[in-house]
Amino acid sequence: MQLDPSDRTRSVRGKLKAAACMLLASGVPGMARAQDQGTTSQVDVTGLLYGEASRVSVVEPTARFTRLFPNGQSFYGQFAVDAITGASPTGALPSGQTQTVTSASGTVTTRTASEIPMTNFKDTRVALDGGWVKPFKSFTSTLGGHFSLEKDYQSIGANGKMAIDLEHHLYTLTLGAGYNQDEVFPVGGTPAGLSDPGVILSTGKNSKRVATVLVGLSRVFTRRWMMALNASRTQEQGYLTEPYKLLSVVEADSGLPTGELTDKRPSSRNRNSLLVNSVYHLTEDILYTSYRYYWDDWRVRSHTFDLRYRHELGSDMFLEPHLRWYDQSASSFFRFGLIDGEPLPDYATSDYRLGPLTTATVGATFGFMLPASPAEWTVRVEYIGQFSDHHPKDAVGVQRKYAPSPTINTASLVVGYHLDF
């Protein structure tokens, strides 16, 4: 039977709104097919493998169960485990001299002059999330909760969101808020900031509070094109210092390290972001684009461009290439190192995550259904190149020869499984 124009419009608009929801909510779209009216439950299982060359490795299995009710309500629960191992930069600069160290067992280790100081670590994080979605006549409400625990960090939070449809569903206004009460308890105790690493302030827990508000507006411009604008503000208060990071103190002339001091950051941070999303439904394929601008009172500024193109390979398969570009400026108290003899600043960090940073991501997601199987599978592979300031202008002496933040090459693999029943 031939659809009349209004039926075709509703069909494309439905696909468009579904595509927008996938883009904003998950980033790993499913098969975008109509939900069976007999579906009462959904199971999603994913497995993540993440590896930085010669650094960090992560294995993260996640399981999510969603219960759907006839009146449109739904409940979901999610369980995730992160197993993290590897080595992370301490923040200290290269020694500038070849060093040979003999351990108590007689093992001899040689460190080159340009070697970045690293520390080995191992941790496991367990996270539980849950939420309840309830539609009303003209709006939909969502309530959720979160709990996670790792060796030195605990997080408990709650969030809520309301999506209001306006002008016959042409506009959707979204209002949301969340609050997390976190605790930080560093292994070995909490070090004093900008002090010798052996100076411990306490062995107790440090509190951290995170409050977020969100306002968003989406607009269906045509039967194929939809855009959304989201603005968010997050306020953090409490212990925000990275307890394991260090800064090198170097001689002004030679650049050779004379000692190390601990990281110290302000006890408050206000984060802001604006996110613009666009979803365009072609005859079969879907184009996703987004731009995000971020700024905070630590003077970090960033721009993020994201592009995805979902190419349909048939009713049961799709391929979605992905490109992402991220560029970040350094915080106001970022330092590659401190000069011996100069007055200490109020705050300082050499953590590359707060320094000048650029990342480029290239990848693709392949989605498919096996013959005679109701389950949907997705496989996502991505490469991430992380680039920083290899030769900072404020480097002195021998440090001009070395790259304190070399390029980091990262690969990730995500396998997903989805079942309606």
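Me: Which word applies to both Phe334 and Phe336, buried or exposed?

Reply: Both residues are buried, a term for a relative accessible area under 20%, whereas exposed means over 50% and partly exposed lies in between (1.4 Å probe, protein chains only). The model is predicted, so local features need pLDDT of at least 70 and side-chain atom pairs pLDDT 80 or more, while totals for chains, interfaces and linings use all residues. Residues are numbered from 1 along each chain as its sequence is written, and side-chain values use heavy atoms, without hydrogens or water.

Me: Why is the pair of Phe334 and Phe336 called edge-to-face?

Reply: Rings of Phe, Tyr and Trp (its six-membered ring) pair if their centres lie within 6.5 Å; planes under 30 degrees apart are stacked, over 60 edge-to-face, and the rest tilted. Here the centres are 4.9 Å apart and the planes stand at 80 degrees, so the pair is edge-to-face.

Me: What makes Trp377 and Tyr417 an edge-to-face pair?

Reply: Their ring centres are 4.9 Å apart and their planes meet at 65 degrees, so this pair is edge-to-face. Trp377 belongs to strand S22 (residues 376–388) and Tyr417 to strand S23 (residues 408–420), so the pair ties together parts 40 residues apart in sequence. Strands are DSSP runs of E with at least two residues, numbered from the N terminus.

Me: Why does Trp377 count as partly exposed?

Reply: Its relative accessibility is 27%, and therefore Trp377 counts as partly exposed. Tyr417, with a relative accessible area of 27%, is partly exposed as well.

Me: How do you know that Val276 is partly exposed?

Reply: Val276 has a relative accessible area of 32%, so the residue is partly exposed. Val276 is placed in strand S16 (residues 268–281).

Key. Helices (H or I, at least four residues) and strands (E, at least two) are DSSP runs, numbered from the N terminus.
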